[in-house]
Amino acid sequence: MDPTPLFRRMSPLVEAELACSDALLASLTSEREALATGDVARIQSEATAKAEHVERLETLERQRTELVRQAGYEPSDPSQMEACLHACDPPGTLVETWLSVLERMRRCQAENLINGGIIELSRRNAERALHVLRGEAPDPDVYQSSGNMASANGRRPLGKA
């Protein structure tokens, strides 16, 4: 089988995934900066950009997955994905690009978790500030049996007993 037609179709998809994952990473970095400065307009803008990048990545993934499947490989198996890339590109440039995509996506996931933590912390701080402004004692945070933090709903503050 001539690998050239598969390469011609696969190469632009993998390159587009790399470019889009770079753009997503840049949006996440910009979002963190906006969160640090409290720039609401920029936070909203980056949230929109993030959603667009994720949607584009999902579209590219579906196209790549179908192409890999058509080539006779199982796209959900990482070794099969690499085998497909090697088959259509013996020099390995596509594999290198694909590994870069995977590395960027790991960085995106880590950045998104950090940003989510910042947002959650800000939400908790705002909630506590509202309780103080209302003259209420905030519900203390407690650990659930799952190890997650939760508000101790149903408990009355000692000062109101």
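The side chains of Glu-103 and Arg-104 meet in a salt bridge in this predicted model, with an N to O distance of 3.3 Å; a salt bridge is taken as a side-chain nitrogen of Lys or Arg within 4 Å of a carboxyl oxygen of Asp or Glu. Glu-103 is partly exposed, with a relative accessible area of 29%, whereas Arg-104, at 19% relative accessibility, counts as buried. Here buried denotes under 20% relative accessible area, exposed over 50%, and partly exposed the range in between, as computed with a 1.4 Å probe on protein chains only. Glu-103 and Arg-104 also belong to a network of salt bridges in which Asp-22 and Arg-107 are linked with them.

The structure holds 10 salt bridges. One of them joins the side chains of Arg-42 and Glu-33, at 2.6 Å from N to O. Arg-42 has a relative accessible area of 27% and is therefore partly exposed; Glu-33 is likewise classed as partly exposed, at 41%. Another salt bridge is formed by Arg-124 with Glu-120, whose closest N and O atoms are 3.2 Å apart. Because Arg-124 and Glu-120 lie 4 residues apart in helix H4, about one helical turn separates them. Arg-124 is partly exposed at a relative accessible area of 26%, and Glu-120 counts as partly exposed at 30%. Helices (H or I, at least four residues) and strands (E, at least two) are DSSP runs, numbered from the N terminus.

The largest pocket contains about 310 Å³ of space. Pockets were identified on a 1 Å grid over the protein atoms alone, as open sets of points with protein on both sides within 12 Å along at least five of seven lines, whereas a cavity is a set of points where a 1.4 Å probe fits but cannot get out; lining residues have an atom within 4 Å of a point. Grid points are joined across faces, edges and corners, and the volume is the space filled by probe spheres set on the points. Of the 17 lining residues, Leu-24, Leu-57, Glu-61, Val-101 and Met-105 are the closest to the centre of the largest pocket. Helix H1 (4-37), H2 and helix H4 (93-133) each give two or more residues to this lining, and H4 supplies the largest share, 9 residues. By residue class, the lining comprises 10 nonpolar, 2 polar and 5 charged residues; Ala, Val, Leu, Ile, Met, Phe, Trp, Tyr, Cys and Pro count as nonpolar, Asp, Glu, Lys and Arg as charged, and the others, Gly among them, as polar.

Leu-57 is found in helix H2 and, at 10% relative accessibility, counts as buried. Leaving aside neighbours within four places in sequence, Leu-57 is in contact (heavy atoms within 4.5 Å) with Glu-17, Cys-20, Ser-21, Leu-24 and Met-105. The C-alpha atoms of Leu-57 and Glu-17 are separated by 6.2 Å, although the two residues are 40 residues apart along the chain.

The protein averages a pLDDT of 87, and 84% of the residues score at least 70; pLDDT is the predictor's confidence in each residue, from 0 to 100. Among the elements, helix H2 (residues 40-70) has the highest mean pLDDT (96) and strand E2 (residues 149-151) the lowest (57). Over residues 154-161 the pLDDT is below 50, and this stretch has 6 contacts in the model beyond near neighbours in sequence. Where pLDDT is low, the predicted coordinates should not be read in detail.

Residues are numbered from 1 along each chain as its sequence is written, and side-chain values use heavy atoms, with hydrogens and water left out. As the model is predicted, local features need pLDDT of at least 70 and side-chain atom pairs count only at pLDDT 80 or more, while totals for chains, interfaces and linings use all residues.
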